[in-house]
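Trainee: Hello! Could you show me how to read the features of a structure, one at a time?
Mentor: Gladly. Here is the one we will go through together.

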Amino acid sequence: DDPAHVHIGIDWLESVAFGHIDRIGERVLVIGVGNTAMDCCRTSLRLGARDVKVMARRSRPYFKASPWELSDAEEEGVAIIENHAPSHFVIENGRLVGMAFDVVEWYDDAGRQRSRTLDRVVIPCDDVILAIGQEPAYPWLERDIGIAFNEWDMPVVDRVTHQTTMTGVFAGGDGAWGPENIIWAVAHGHQAAISIHNHCTGVPVTERPAVGMNLLSTKMGLHEWSYSNDYEPARRAAMKHVALQQRLMNVKVEVELGFDLDQTLREVERCLNCDIQTHFTASACIECDACIDICPMSCLTIVHDAPDAELRQRLTAPANNLDQPLFVSEPLQHTARVMVKDEDVCIHCGLCAERCPTAAWDMMRSEILLPYAGQQVPTGVEVAL
Ligand code: SF4
Ligand code: SF4
């Protein structure tokens, strides 16, 4: 009824970014409590709002916004109001003057969360920004062109080739399978590009180039590694922010200043080095048991080989997670036993490699080599997807 003062979050942010909107009323209600809502409430402050409230249907543990976004918004003076379910706009003389909310409490009903209304309140405001969930919609796509849609009204897309049911039409990202993060959207684009290249060059889209893998030793000396293997259990450092007054003066001011040198050095030490893998060379092992003694997780065993189920129970610590395959080496040269490692509990501390007198255990940096559309398989070890 008053479209000039009720805004759709993403559209509104876009208009601010392109300079089409440069002001907003003094009292702003933001509906929703995801990261878009956080952008909306903080942008409102920068456009002159004095009283900004984020209205949430649920309580804080259910908020979708990242904790650091919430605390940054609150630091800037945004009020976050929990357990208020939007009911209707209050319009007087064609002008938005407030919004009515049901004050609710939540309870468990046989495992399902339900709400009951305790009260109804009207909160005065000049503008409302709707920053609630969004979903893909295809009203523009005619339904008789050959693309099938599923029960959620989303196009049917092949998970591997990203081809829809219409040859030569590909899809990915949220528009294919619903909300995922941008990393998945980029990966989908990558795979779709390979399919499109195949399609344009007459190669079946099901013919996928293999993914490659490189392993490079990080050994620099007897006990020296090209990465820092001292894990630093310090908490994440708090990043410095631009002073409050300064950041609210201009919507373009970058709030986070980044880490200084000392913070950066501490932060990189917190890295878990998950790209560094243990690597075993059976022919180098002299079966001295030093790695087994030092492993803090008891995940190494030298044992006579046996069928998987039996082997799992004969390890230093039984390997009960059947979803995680065991590493089983080639037969060792002296006794024909095998080195077994339970990857499920290995913490990649590198102590086995540090202790091993023959470098049979090594810590190697792994690199996944993704093929690009139109390229040959990259050099390295090919692995199945
Ligand atoms: S990296 Fe650490 S936890 Fe993993 S096998 Fe070696 S010593 Fe054990
Ligand atoms: S420390 Fe090295 S040589 Fe000794 S048992 Fe372990 S892998 Fe084999």
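Trainee: Let me start with two helices. At what angle do the axes of helix H2 and helix H3 cross?

Mentor: Two packed helices are described by the angle between their axes and the distance between the axes. This is a predicted model, and in it the axes of H2 (residues 35-46) and H3 (residues 67-75) come within 10 Å, with a crossing of roughly 20 degrees. H2 is therefore roughly parallel to H3, as angles under 35 degrees count that way. The crossing in which H2 passes H3 is left-handed.

Trainee: Which residues of H2 and H3 make the contact?

Mentor: On the H2 side, look for Asn 35, Met 38, Asp 39, Cys 41 and Arg 42. H3 contributes Glu 69, Leu 70, Asp 72 and Ala 73. Sorted by class, this contact of H2 with H3 has 4 nonpolar, 1 polar and 4 charged residues.

Trainee: Now for H1 and H2: how do their axes cross?

Mentor: Read this pair with the angle and the distance again. The axes of H1 (residues 9-17) and H2 come within 10 Å, and they cross at roughly 45 degrees. H1 and H2 are therefore oblique to each other. Their crossing is left-handed. From H1, the residues in contact are Gly 9, Ile 10, Trp 12, Leu 13 and Val 16; from H2 they are Thr 36, Asp 39, Cys 40, Thr 43 and Ser 44.

Trainee: How many nonpolar, polar and charged residues does the contact of H1 with H2 have?

Mentor: By class, the contact of H1 with H2 has 5 nonpolar, 4 polar and 1 charged residues.

Trainee: Let us turn to sheets. In what order do the strands of the parallel sheet come?

Mentor: Strands of a sheet pair through backbone hydrogen bonds, either parallel or antiparallel. Here, 5 strands with parallel pairing form an open sheet, in the order S1-S8-S2-S3-S4. At the edges are S1 (6-8) and S4 (79-81), each of which pairs on one side only. From one strand to the next, the twist averages 20 degrees.

Trainee: Where does H1 pack on that sheet?

Mentor: H1 touches S1 and S8, and its direction makes about 90 degrees with that of S1.

Trainee: How many bridges join S2 to S8?

Mentor: There are 4 bridges between S2 (residues 27-31) and S8 (residues 127-130), and these strands run parallel. To trace the pairing, find Val 30, whose bridge partner in S8 is Ile 129. Val 28 has Asp 127 as its bridge partner in S8.

Trainee: And how many bridges join S1 to S8?

Mentor: S1 and S8 run parallel and are joined by 3 bridges. One place to look is Val 6, which stands opposite Val 128 in S8.

Trainee: Which way does the pairing run in the sheet of 3 strands, parallel or antiparallel?

Mentor: That open sheet, with the order S5-S6-S7, has antiparallel pairing. S5 (84-92) and S7 (112-124) are its edge strands; each has a single partner strand, so one side of each is left without a neighbour in the sheet. The twist in this sheet averages 20 degrees from one strand to the next.

Trainee: What are the bridge counts for S6 with S7 and for S5 with S6?

Mentor: S6 (residues 95-109) and S7 run antiparallel, joined by 12 bridges. Within that pair, Asp 108 has Gln 113 of S7 as its bridge partner. S5 and S6 are also antiparallel, over 8 bridges, and His 84 has Val 103 as its bridge partner in S6.

Trainee: What should I look for in the hairpin of S5 and S6?

Mentor: This hairpin has 2 residues between the strands, and Asn 93 takes a positive phi near 55 degrees.

Trainee: Last, the ligands. Which residues come nearest to ligand 1 and to ligand 2?

Mentor: Start from the list of surrounding residues, then sort it by class. Ligand 1 has 13 residues around it, of which Cys 295, Cys 346, Cys 349, Gly 350 and Cys 352 come nearest. Its shell divides into 9 nonpolar, 3 polar and 1 charged. Ligand 2 has 15 residues around it, with Cys 285, Cys 288, Asp 289, Cys 291 and Cys 356 nearest. The shell around ligand 2 has 12 nonpolar, 1 polar and 2 charged residues.

Notes
Residues are numbered from 1 along each chain as its sequence is written. Chains are lettered from A and ligands numbered from 1 in the order in which they are written. This is a predicted model: local features need pLDDT of at least 70, side-chain atom pairs count only at pLDDT 80 or more; totals for chains, interfaces and linings use all residues. Side-chain values use heavy atoms; hydrogens and water are left out. A residue is near a molecule or strand if one of its heavy atoms lies within 4 Å of it. Ala, Val, Leu, Ile, Met, Phe, Trp, Tyr, Cys and Pro count as nonpolar, Asp, Glu, Lys and Arg as charged, and the others, Gly among them, as polar. Axes are lines fitted to C-alpha atoms, for helices over the stretch in contact, and angles run from 0 to 180 degrees between N-to-C directions. Angles under 35 degrees count as roughly parallel, over 145 as roughly antiparallel, 65 to 115 as roughly perpendicular and the rest as oblique. A crossing is left-handed if the near helix is turned anticlockwise from the far one by less than a right angle, and right-handed if clockwise. Contact means heavy atoms within 4.5 Å. Two strands pair if DSSP finds at least two bridges between them.
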